[in-house]
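The following exercises are meant to be worked with the sequence and the model side by side. Please try each task before reading its solution.

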Amino acid sequence: MKSTPILRCVLIASLISTFQFQSAIRAQDQSARQSELRQEKEKALHNASEKLKGALGDKQDRLSRAAQTFLAATDNPDDLVQLKQATDYLNNTLEEMKKDPAFAIKARVSAATEAIQVSKEYQELAKAKTPSTPTPTPKQPPTGDPAGGFSLPDFVWPVAGGVAGVALVVLAVFGILRLRSGFWMKFDGHVSDIVSAHIGGVKKRNDEMAKNLAAIGEDQRKTSSRLESIEGEIQALGRRLRQGGLDGGYQAASVKQAFDEYARQPLPVEPEFPAAADQYLNKMKRNSTVVKPDFQNGILVNDVDGKGELVLIRDANLPDEAQPLFVVPRVTQFQSKQEFHAYYERYYDCQRPSAGDVWIIDPAVVSTVPGGWQLREKGVLEVR
């Protein structure tokens, strides 16, 4: 019976060592995930900077100077103060130039908008990481210790592991000695309760972490979708500015000539949305082209056989830049909800897909790319 206090002390020491070891492992995993996420954001910032650099060209104005300042700051993204100042400078310059009626929105505006958004996301992630992982103050190694030598924590964990191993051996010995008195069954019950509670807590924390990661992934997906939508809106606004600002005289002669050619062509009569798919296809029949997906290149291509599941609405007499390009379902009725998921879910959203008549609430928008057309904005369908 005198060995009972010793056994308790050994058990407590073993549990403490095990808990400290697991805590260290969790901290390392969390730090690794945080570091990986930051590397992804830093890579996205680098890509956005390269895109902005390629879109600047040789033009020298306020926006170009602000962009050059931003590019210089992205060379050292760890300097958050400089990066924030450069981002704010670029954002303010862009907003001021947009107020100028003679300002023409081009590809560099889209690149600048994307770079500003990615920079703000990177700054938010870096700020969130800074409090939990402060930068340690460099210390001089003690006299006589070589640089990069072992520190005290390097010995703590091996010693703790050794203590835990000895404790387990001692527990095994005492368990064998007191097996006849029924102590082992009681001890096993206590240990099982402690382990179950510990595992339950770990599982709960893992579930919460998984939910947080899923939420972060969803936010990134929404942000990416929103950036694509903003890019499409900027392109549409650019077309409107080029068309509406010709009388001001700030556009080039080639743009005026393109507009004159566009004005001489009769505009197609487009039905208003929402519209039934069969009515819309009948009205736009002369401007329709059957297309099919090219999964290898991720684009839509012309279907010479006329058996594709989508129809491109495009007036061949007009340049693609002067008209919206829509893709709509070639079928006017769904036989089942699986038909929507199999062929149209990539291009359209539908709250309750089922069998019934297809209505186009908002058409999907595409843009011309080499070899075909690429989706720019998903549409919305409804089954009635």
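**Exercise 1.** Decide whether D88 is buried, partly exposed or exposed, and find which side chain it meets in a salt bridge.

Solution. D88 has a relative accessible area of 29%, which makes it partly exposed (buried means under 20%, exposed over 50% and partly exposed in between, with a 1.4 Å probe and protein chains only). Before going further, note that this is a predicted model, in which local features need pLDDT of at least 70 and side-chain atom pairs count only at pLDDT 80 or more, while totals for chains, interfaces and linings use all residues. Residues are numbered from 1 along each chain as its sequence is written, and side-chain values use heavy atoms, with hydrogens and water left out.

Next, the side chain of D88 meets that of K84 in a salt bridge at 3.0 Å, N to O (a side-chain nitrogen of Lys or Arg within 4 Å of a carboxyl oxygen of Asp or Glu). K84 is also partly exposed, at 36%. Finally, because K84 and D88 are four residues apart in helix 3 (residues 80-98), about one helical turn separates them; helices (H or I, at least four residues) and strands (E, at least two) are DSSP runs numbered from the N terminus.

**Exercise 2.** The whole structure holds four salt bridges; find which parts of the chain are linked by the pair E121 and K41, and by the pair K378 and D349.

Solution. Begin with E121 and K41, whose side chains meet at 3.0 Å, N to O. E121 belongs to helix 4 (residues 107-132) and K41 to helix 1 (residues 3-56), so that this pair links distant parts of the chain, 80 residues apart. Both partners are buried, E121 with a relative accessible area of 18% and K41 with 14%.

Then turn to K378 and D349, which meet at 2.9 Å, N to O. K378 sits in the loop between strand 10 (372-377) and strand 11 (379-383), whereas D349 is in strand 7 (residues 348-349), so the pair ties together parts that are 29 residues apart in sequence.

**Exercise 3.** Describe how helix 2 packs against helix 3, and find which residues S119 touches.

Solution. The axes of helix 2 (residues 62-74) and helix 3 are 9 Å apart, at an angle of about 160°, which makes the two helices roughly antiparallel (over 145 degrees; under 35 is roughly parallel, 65 to 115 roughly perpendicular and the rest oblique). The residues making this contact include F70 of helix 2 and L83 and T87 of helix 3. S119, found in helix 4, is buried at 0%, and it touches L45, F70, L83 and T87, not counting residues up to four places away in sequence.

Terms used
Axes fitted to C-alpha atoms, helices over the stretch in contact; angles between N-to-C directions. Contact = heavy atoms within 4.5 Å.
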